[in-house]
Amino acid sequence: TELLVEAAGELRPLFERFRPSHFEAETVLAFELFRREQVSMVVAEVGLGGRLDATNVVEPSVTAITNVGLDHGQYLGRTLAEVAWEKAGILKQGVPAVLGETRPRIRALFQKWARERHVPLQMVERRLRGAQVSRRGTEVKVLTDSFGPLHVSTPLLGAHQARNMAVAVRGLDLLPSVLRPSRQSVVEGVRGVRVPGRMEVAEAKGGGWLLDVAHNPAGARALARTLAALDFPRPRVLVAGILADKDGAGILRPLLRAVDEAILTSPPGAPPHRRWDPDSVAGTLSGSKPLEVRRDLREALQVSRSRAGGGGTVVVSGSFHTVGAARSWLGLRDA
């Protein structure tokens with residue numbers, strides 16, 4: 001904390017002079033702390049898009065892109081092709097890159113960008129074998145150059161997590177040898193992954209829960225597929241709290257097909273300008289499944305638990321605000 005305060009104080013005159021955005025300032029501060037601490041390796045996740053993101057000043061050893069979804073349309077574009085172009089901006093000449101995208105049309109856009117800029121682009125699907133998903137987690141075999149055939153497993157749920165694992169493992173595989181971890185470290189690292197609120201299964205308050213921060217249509221479809229593939233017990237009751245700048249109807253449609261009824265609520269702690277109108281969204285979806293609005297999240301959770309009973313499943317989704325507050329109410333720990 002002292003180092004952070006000290007660095008922020010020294011950088012403040014620059015921030016006041018150039019007036020960066022909040023995220024830009026955070027990124028500068030993070031990179032400065034890495035420099036001072038002589039960090040040997042950093043995994044830098046893009047904040048928004050890629051091409052114009054503050055993190056894109058780095059000169060990476062490898063880059064990775066999982067897939068493309070419609071999100072932050074006001075900044076990244078309204079089509080998958082436009083979003084893909086923004087994401088492709090992180091690919092650098094001569095720097096190996098891993099791509100998890102499977103849709104031929106979108107994949108072709110990345111391949112074109114890579115050819116024009118001399119980027120050695122690797123398609124992860126060619127390295128992925130035998131993915132298996134259960135309620136205990138996901139496992140897959142990844143064919144690597146440095147580690148050989150690698151069987152990896154994670155407690156994270158969903159077929160999409162098998163591809164995400166393969167992207168991560170293949171990215172490590174392509175690192176320079178001086179930075180590449182050992183085979184054992186890769187296997188243990190993937191096995192030890194914990195992401196609270198991402199396809200998180202829990203037993204609490206008298207029944208089963210599945211919590212996932214699916215906050216765009218692609219995430220909602222992945223959650224719906226996981227619910228169906230793993231046959232979570234019925235009745236399934238959805239509690240969804242979504243932010244106003246998200247595609248509420250687009251998120252709810254695939255989820256409603258996977259549950260028996262739904263309760264729409266207000267994400268606690270959401271800033272005023274991002275508070276959605278669940279009544280309005282419910283009106284556009286009426287008739288598809290039993291649907292009601294309970295603006296108080298705690299009440300929505302209590303009612304959903306009662307409706308699902310001890311043998312059913314309550315699914316909580318829609319935003320980090322919603323899932324985070326639900327985890328607190330359920331008494332779930334991050335570790």
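In which strand is arginine 236 found? Select strand S9 (residues 236–240), where arginine 236 is found; helices (H or I, at least four residues) and strands (E, at least two) are DSSP runs, numbered from the N terminus. The model is predicted, so local features need pLDDT of at least 70 and side-chain atom pairs count only at pLDDT 80 or more, while totals for chains, interfaces and linings use all residues. Residues are numbered from 1 along each chain as its sequence is written, and side-chain values use heavy atoms, with hydrogens and water left out.

Next, display the surroundings of arginine 236. With a relative accessible area of 2%, arginine 236 is buried (under 20%; exposed is over 50%, partly exposed in between, with a 1.4 Å probe and protein chains only). Its side chain reaches the backbone oxygen of alanine 258 at 2.9 Å. Not counting residues up to four places away in sequence, arginine 236 touches Leu227, Asp231, Ala258, Val259, Asp260, Glu261 and Thr313 (contact means heavy atoms within 4.5 Å).

Now move to the open sheet of three strands, ordered S4-S5-S6 with antiparallel pairing; two strands pair if DSSP finds at least two bridges between them. Strand S4 (128–134) and strand S6 (149–154) are the edge strands, each pairing on one side only. Select strand S5 (residues 137–143), which five bridges join to S4. Leucine 128 has valine 142 in S5 as its bridge partner.

How values were computed. A polar contact is a pair of N or O atoms within 3.5 Å; within protein, one must be able to donate a hydrogen and the other to accept it, and residues adjacent in sequence count only if both atoms are side-chain atoms.
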